[in-house]
Amino acid sequence: MTEPRDPQLERLRWQCRRGMLEVDLLLKRFLDAGFSSLDQAQKSAFADLLEYPDHVLVEWLMGRQRPSDERLAHVVDCIRDASAS
Amino acid sequence: MNTARRRFDALVIGAGGGGLRAAQQLAQAEAEVAVVSKVFPTRSHTVAAQGGMNAALGNVLPDNWHWHMYDTVKGSDYLGDQDAIEYMCRAAARLVIELEHAGVPFSRLDSGKIYQRAFGGQSQDFGGAQAARTCPAADRTGHAILHALYQQNLRAKTHFFDEYFALDLLTDDDGYVLGALVMDIATGEPVVIEAKTTLIATGGVGQIFRTNTNAMINTGDGMAMALRAGIPLQDMEFVQFHPTGIAGKGMLISEAVRGEGGYLVNKDGERFMERYAPNAKDLASRDVVSRAIAVEVREGRGCGPAGNHMLLKVDHLGADVIKKRLPGIRDIALTFMHVDPIETPIPVYPTAHYTMGGIPTNRYGQVVTPARTGPEEPVPGLYAVGECACVSVHGANRLGGNSLLDIVVFGRAAGNHMIDFLKDHRYHRPMPQEALERAQQRLASWENRSGDESVAALRLELTTVMEQNCGVFRTEEVLQEGVDKVMAIEERLLHAPLRDRSRVFNTARAEALEVENLVDVALATVCSALARRESRGAHSRVDYPKRDDVEWLKHSLYSKQGRRMDFKPVRMKPMTVDPFPPKERVY
């Protein structure tokens, strides 16, 4: 039995594997819980966000700094909103 | 179908600091080097190392490599190999300078010298006053080192296989390691990487525990590959735990919280540490606090619906103190639980942090295993460094600041020895067809699995069993139950089909392979913990509370074949100085 899947989403899922647990957990949680409700432009912003190094992501995702690019800042807000479980 | 083949002089599996330091050494010597990494190299777990790297530079307080050696031997609870420890501590200063030249922006004093901070376990003059030995690059030393090493490798033309998953080592009948079978995660296709010499540098395996501080990639892939190739794992019972991680998630809540006046309560609201450590209470040593939390949970006084954690209260400190002195902790609680510790206590449980055990090596990074000729016979062509290896400089307990040092020192040493090996082994040895078939079987076996089990559910069950039966509360009974439960999970995994058998970017396949590795390494860990009937360093047995140097001043070796335990002596003789004989460890 094979479930339907989206290779693009799976590619992003692997890109969410990071060097720091904090970043891992926040990105994975969001991919499972909030990603599908993003529009196409926001999805593309999420993919751009993943290109940033872990030490930058951790500062953004923990709310200690904010990206100057509003597209990224919005996605970061969405990830932070989805983070509690 | 023919499997694609690539040939290199050297193969490095894992792109953290240890792997990249070795690859740099090899590539600069003009060897053709392949580095295989399951994630993009600068996303390796080395980035998470914040503190710094120890070296007796003496820039802030007087220091000497010999004092560093003493502290490391004592910290290891005398299980560390003293020749390897001497080698590491002597090399440290030079390697810090090398890293500085490679582009690591170490923090500086006003004088321009490298700044050094004081960490626990560091002393002057063999146990005297506090030393300051740790060289930081702000609070992201690991990140700085990893990026510098990656750039050095790009310059030296190291060939990177990014997002390739290493499946198994390829070996011939004479015991030579001839490379590895790897899988391109993007296409799902296997690729044979033939190499005259191979280094495993795949990091630790904190992911065998439900609550741990490690990145999710830390699944012990290299350790499990070694086990399947017939190589034992050494000292796997020694896992460093921190008493307060966020329950079920793992992030560290620093001791600073209790230092500022935070305290632990059970479900009845009782300050239970008063019962376990009437004087030090919540500031008792890490192992005492960790075990007290585990006992409270075991005896039914855990908090939450599953009764599986304690609460760390700080609300009585007031908003001002929390905001001013504990802002990082507040960020973590707000982000991951959407609770503000100013009002609500933080759920905590001991969190697994560092794996002291691993693939046995000597101080050249050569993998060594017991053979007819002795307990430490090199496996020809095979090397291991870093957290996946056990050289053993950390022994039963690792000191802060020594892990970044370990990866850089032994990454370089392994690279150098591999260069020598290449001079004596100029041609690729023939690749026997059986070697390929053996390695391919592992991948193939997943294609045909059927049954009702679920890979994801078994992973959760495994990590929960390890937390309960091989965590900080260890007795014969608890550990034996752990062995039985992990063996049952191993059997059930054979009945867990892939939920998705497609090839392109199938993360389910990679995750299934990881769970298989976790099970192999978890079994090594719990079997080793059951075997060692004493308490030493991070391995604490409630039923054998004392260190026993008569019976147990020895390394343990676990082999997958027959789940056999074996032992070998600790190398008590340093390279040039007098040995440090075991003494009671008092701080």
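## Salt bridges, an interface and a helix pair

B:Asp340 and B:Arg330 form a salt bridge whose closest N and O atoms are 2.8 Å apart; the term stands for a side-chain nitrogen of Lys or Arg within 4 Å of a carboxyl oxygen of Asp or Glu. This pair links distant parts of the chain, 10 residues apart: B:Arg330 sits in helix α10 (327–337) of chain B, and B:Asp340 in the loop between α10 and β13 (346–355). Helices (H or I, at least four residues) and strands (E, at least two) are DSSP runs, numbered from the N terminus.

A word on the model before going further. It is predicted, with local features needing pLDDT of at least 70 and side-chain atom pairs counting only at pLDDT 80 or more, while totals for chains, interfaces and linings use all residues. Residues are numbered from 1 along each chain as its sequence is written, chains are lettered from A and ligands numbered from 1 in the order in which they are written, and side-chain values use heavy atoms, leaving out hydrogens and water.

Over all chains, the whole structure holds 60 salt bridges. Between chain A and chain B the count is two. Here are two examples from the model:

| Salt bridge | N to O distance |
|---|---|
| B:Asp340 and B:Arg330 | 2.8 Å |
| A:Arg64 and B:Asp331 | 3.4 Å |

Now to the meeting of the two chains. On the chain A side, α1 (7–15), α2 (21–33), α4 (54–61) and α5 (70–81) each supply at least two residues that touch chain B. That side divides into 12 nonpolar, six polar and 15 charged residues. In this grouping, Ala, Val, Leu, Ile, Met, Phe, Trp, Tyr, Cys and Pro are nonpolar, Asp, Glu, Lys and Arg are charged, and the others, Gly among them, are polar.

How many residues does each chain bring? Contact (heavy atoms within 4.5 Å) involves 33 residues of chain A and 40 residues of chain B. Together the chains bury about 3200 Å², 56% of it on carbon and sulfur atoms; buried area is the accessible area (1.4 Å probe) lost on being put together, summed over both parts. In chain A, the residues losing the most area to chain B are A:Trp14, A:Arg17 and A:Leu21, together 25% of what that side buries.

Within chain A, residues A:Glu22, A:Val23, A:Leu26 and A:Leu27 of α2 meet A:Asp54, A:Leu57, A:Val58 and A:Leu61 of α4. This helix contact comprises six nonpolar, no polar and two charged residues.

Chain B also has two backbone features to look at. A cis peptide bond joins B:Val391 and B:Ser392, with omega about -10°. B:Ser392 lies in the loop between β17 (389–390) and α11 (402–424). B:Glu163 has a positive phi of about 60° although it is not a glycine, and its place is the loop between β5 (159–162) and β6 (164–171).

Methods. Buried area is the accessible area (1.4 Å probe) that two parts lose on being put together, summed over both.
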